[in-house]
Amino acid sequence: MPSRRRSGTVRAVGLGTLDSLGKGLALVGDYELLDSGNGAKLERFGKIVLARPCAQALWQPQRPNLWERATATFDREGGLNWHGREALPRSWVAEINGIRMKLSTTDFGHLGVFPETRGLWDWITQTLHEARTKGPGGPQSPRPLSVLNLFAYSGGATLAAALAGCEVCHLDASRGMVDWAKENAALNGLTEAPIRWIVDDVSKFLGREAARGHKYDAIMLDPPSFGRGKKGELYKIENDLMATLAACKTLLSDHPVFLLLTSHTPGLTPRVLQNLLAQLQGDQGHLECGEMLLTGAASVMELPNGTWARWVAPPATA
Ligand SMILES: C[S@@+](CC[C@H](N)C(=O)[O-])C[C@H]1O[C@@H](n2cnc3c(N)ncnc32)[C@H](O)[C@@H]1O
């Protein structure tokens, strides 16, 4: 595995000490789910503890006493409301599964990271690293790989691929999010990495890439339920996903490694995503699917938050 990964140490900047979290918290890296229940989740990002809504957390909290330690809370009662936001720094950095991410609260209650994707980051780095070094050239002559990340947001998956030594094309319709992802690349010492940063609408870009004959060895996409392209183009997952996937298929190289699809759209269960990929890929390789999970200490109940499916090619042979 690449040596860039650092062990999870508390690295949040801008606040004082961890004392405000009180005793009794065994810190697990820079991110952990602390508890969930009553329609909410309690998470720690470095030194900062946030309580935010989570519709599927229908159960009772396991650790009710912890919730009063939240540095800030967000709710959607009669609007979008942060409480205690003034206690937070404008931005801070947390190292999540070895990748440093700039975090900042948005008016929608987001932070610039979906921590449920972090297990997939590990898989992305490992799978691409193996594809590069276990191919016919071996570690002495690693195979160059080109990766496309669509709806790439703040770039966690992009950086996971770059850490495996791949060339990455990172695309998002929002210039602000692409700039944020570039900041994350810099935080990880990847400013000079071969990452192509594109601000564009996914559908238009895919059409242009097909016309240019560009190919990719791995493609990752995290389509929103509803989104807007660079010039306001409407993206609705139920109308547009099949066409997006078909376009992705035409961009896969002759020796592809994988296609990874993630979603937070209600109803798009793991098997729904897998069925979509099955129709696309035919008999070659294999399919896997699962739930994305927010996780913390072993005693904390895992919280499903989104789904994934992937098509993985058969290993390359000499
Ligand atoms: C990461 S995705 C979805 C995240 C999560 N799965 C969800 O549903 O909330 C969100 C990203 O897609 C981008 N996006 C939305 N519509 C787009 C489009 N038509 N073309 C390119 N990017 C788009 C947004 O700017 C945003 O950064």
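**Entry 1: strands 4 and 5**

I looked up aspartate 75 and found it opposite asparagine 81 in strand 5. This is a predicted model, and I read every entry below with that in mind. Strand 4 covers residues 72-75 and runs antiparallel to strand 5, with three bridges joining the two. I noted for the page that strands of a sheet pair through backbone hydrogen bonds, either parallel or antiparallel.

**Entry 2: domains**

I checked the domain assignment of the protein chain, which gives domain 1 as 18-103 and domain 2 as 115-312. I noted 27 Å between the C-alpha centres of domain 1 and domain 2. To their contact, domain 1 contributes 21 residues and domain 2 contributes 21 residues. On the side of domain 1 that touches domain 2, I listed strand 1 (31-37), strand 2 (40-45), strand 6 (92-96) and strand 7 (99-103), each supplying at least two residues. Strand 1 gives the most to that side, with six residues. I sorted the side of domain 1 that touches domain 2 by class and got 11 nonpolar, four polar and six charged residues.

I moved on to an open sheet of seven strands, ordered 10-9-8-11-14-16-15, with mixed pairing. Strand 10 (195-199) and strand 15 (286-294) are at its edges; each has a single partner strand, so one side of each lacks a neighbour in the sheet. Direction ignored, I noted that neighbouring strands of this sheet are turned by 15° against each other on average.

Within this sheet I looked at strand 8 (residues 146-150) and strand 11 (residues 218-221), which pair in the parallel sense over four bridges. Which residue of strand 11 is the bridge partner of asparagine 149? I found methionine 220.

For helix 6 (residues 270-281) I wrote down 12 residues and a reach of 16 Å from the first C-alpha to the last, close to the 16 Å expected at 1.5 Å a residue. Glycine 282 follows helix 6, and I read a positive phi for it, near 70°.

**Entry 3: the ligand**

Last, I looked around the ligand. I found 18 residues surrounding it, and the closest are Phe151, Ala173, Ser174, Gly227 and Gly229. How does the shell around the ligand divide by class? I noted seven nonpolar, six polar and five charged residues.

Technical notes. Residues numbered from 1 in each chain as written. Predicted model: local features only at pLDDT ≥ 70, side-chain atom pairs only at ≥ 80, totals over all residues. Near = placed C-beta within 6 Å. Nonpolar A, V, L, I, M, F, W, Y, C, P; charged D, E, K, R; others polar. Pairing = 2+ DSSP bridges. Axes fitted to C-alpha atoms, helices over the stretch in contact; angles between N-to-C directions. Expected span 1.5 Å × (residues − 1). Domains from an automatic or database assignment. Contact = placed C-beta atoms within 7 Å.
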